Amino acid sequence: MPKKKNKKSSKKTVKGQLGKKKETAREKMIGQTIGYRYDVNLLPDYSRITPFLKKYIEAMGWDDLNWLEDVHMGYEEDRPAVFDRNANGWVTIPKKIKLPNNQQDRDMIARELLVKFQMSPNHPLVDLKKAYRKF
Amino acid sequence: MANIKTNENKTKAQSMGLHSEVLTGKTQQKFFNPDEAENFYYWGTYDVDFNKRIDLDVNDLDCKEANKKIDELMSQGYGTIVIKNPQGKHSLGVGVLNKLNLIFEGSLGYFGVGSIDGPTVRINGRVGWSCAENMMAGKVVIEKNAGSCFGAAVRGGDLICKGSVGARTGIDQKGGTIIVGGDAGAFTGFMMQRGRIIILGNVGINLGDSMYDGTIYVGGKIGSFGSDAIESPMTKSDVDWIKRKLKVAEIGEDFNISNMTKVVAGKKLWNYDALEPTEKKGAI
């Protein structure tokens, strides 16, 4: 006798409304709705750190991820994105980058991409610095 | 009557005439280039060598002259700068956006090392009000005590005081970690929005008052909880992370972390209307 397949849930989810969307595993665990586009209180799992981030930490002379502990993968216009505090806007992840299912791994990718973006001569702040820096 | 009918589909703010245009937030159509060259430093910052060390006596300099001198030394490639005779001067070491080892042989006044982004700072003395205000990244270690508003509006990095701190520590904190080896005063974590505070000693009254988010860990006694601050269970992830952070902070090696109290926001102050998802774009 072949086993019966589990019935699919017929519950509809409501997008974008606090308290009405489907809860994530993290939200269920902490018993609170996460109103941000990611869990701001999620602590980084250092076992998932990428080689690029290790090199960055070493170059800066720090002991850990430092400010990058607060960087997480969020979303913008239904696409994965990371918030760039220097440009005060969301930066969208290119479609060709495939993201893992684990939030910790996604966060590490977000951190790596954000560092590359912020340190790039193409960053929007470079023009501002050229125009306004005093010394 | 007609107005009432047309107002039914509007939010309260729209009905009051507060929004005539569609709110689009601060979204920018910016995309990462994954082939960007590997670079760890901001454009326009100096290439410094941690092994290149110099002493700077600021006894006869005012804060502006001293800060300008620090910038000059970085432009010459000095990666370790030791400041002699700071004598409690205000606003020393502010606005350093470079990787750097900055060591103060003495105490600082108000607003020391504010708005820094990257350096590792060691202060072998005390600090006055609002030390490391608006800090973006880096590590600051204070060997003795700190005044009020320690780490006000910190956005990132590690701010460590091995002694005790005054009132309103981490006020308006927006990220990063504040670690205090001793006690903290009243209103610690007042209106904090995110980030983490670790206090190994006792804290005063109104802990985490009006906090929106973020986490406060307390090792000692709590004077009282502030409005909307509630206790939350410690997880293994919390314990592992604190253990790691205390190692970075060079304090509390034998501290019993599992007995700490974790305080988070009750989120009763989260009063957002239907416009909230749009308004929040770019405003975390």
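Author: The secondary structure of chain A comprises four helices and three strands, where helices (H or I, at least four residues) and strands (E, at least two) are DSSP runs numbered from the N terminus. The model is predicted, so local features need pLDDT of at least 70 and side-chain atom pairs count only at pLDDT 80 or more, while totals for chains, interfaces and linings use all residues. Residues are numbered from 1 along each chain as its sequence is written, and chains are lettered from A and ligands numbered from 1 in the order in which they are written.

Reader: In what order do the elements of chain A run?

Author: From the N terminus the order is α-α-β-β-β-α-α. Of the 135 residues of chain A, 29% count as buried. Among the contacts in chain A with a separation of 6 or more, 52% are between residues 24 or more positions apart; two residues are in contact if their C-beta atoms, placed from the backbone, lie within 7 Å.

Reader: Why are H2(A) and H3(A) called oblique to each other?

Author: Helix H2 (residues 51–60) of chain A and helix H3 (residues 103–118) of chain A pack at an angle of about 55°, with their axes 9 Å apart. The axes are lines fitted to C-alpha atoms, for helices over the stretch in contact, and angles run from 0 to 180 degrees between N-to-C directions. Angles under 35 degrees count as roughly parallel, over 145 as roughly antiparallel, 65 to 115 as roughly perpendicular and the rest as oblique. The two helices are therefore oblique to each other.

Reader: Which residues of H2(A) and H3(A) meet?

Author: Phe52(A), Leu53(A) and Tyr56(A) in H2(A) meet Met108(A), Arg111(A), Glu112(A) and Val115(A) in H3(A). The residues of this contact divide into five nonpolar, no polar and two charged. In this division Ala, Val, Leu, Ile, Met, Phe, Trp, Tyr, Cys and Pro count as nonpolar, Asp, Glu, Lys and Arg as charged, and the others, Gly among them, as polar.

Reader: How many helices and strands has chain B, and how do its strands form a sheet?

Author: Chain B has five helices and 12 strands. In chain B, 11 strands form an open sheet in the order E2-E3-E4-E5-E6-E7-E8-E9-E10-E12-E11, with mixed pairing; two strands pair if DSSP finds at least two bridges between them.

Reader: What makes E2 and E11 of chain B edge strands?

Author: Strand E2 (49–57) and strand E11 (229–232) of chain B each have a single partner strand, so one side of each is left without a neighbour in the sheet. The twist from one strand to the next averages 15°.

Reader: How do you know that E3(B) and E4(B) pair?

Author: Five bridges join strand E3 (residues 78–84) of chain B to strand E4 (residues 101–105) of chain B, and the two run parallel. The criterion asks for at least two bridges. Val82(B) stands opposite Ile103(B), and Lys84(B) has Glu105(B) as its bridge partner. E4(B) is also joined by four bridges to strand E5 (residues 117–123) of chain B, again in parallel, with Phe104(B) partnered by Ile123(B).

Reader: Why does Ala137(B) count as buried, and why is Asn67(B) called partly exposed?

Author: A residue is buried if 20 or more other C-beta atoms, placed from the backbone, lie within 10 Å of its own, exposed if 12 or fewer, and partly exposed in between. Ala137(B) has 22 C-beta neighbours inside 10 Å and therefore counts as buried. Asn67(B) has 19 other C-beta atoms within 10 Å, so this residue is partly exposed.

Reader: Where are Ala137(B) and Asn67(B) found?

Author: Ala137(B) lies in strand E6 (residues 137–142) of chain B. Leaving aside neighbours within four places in sequence, its contacts include Asn66(A) and Trp67(A). Asn67(B) lies in helix H3 (residues 63–75) of chain B; with the same exclusion, Asn67(B) is in contact with Leu92(B), Gly93(B) and Val94(B).

Reader: What makes both faces of E7(B) covered?

Author: In strand E7 (residues 158–161) of chain B, Asp158(B) and Ile160(B) on one side and Leu159(B) and Cys161(B) on the other are all buried. E7(B) pairs with E6(B) in the parallel sense over four bridges, and four bridges join E7(B) to strand E8 (residues 174–180) of chain B, which also run parallel.
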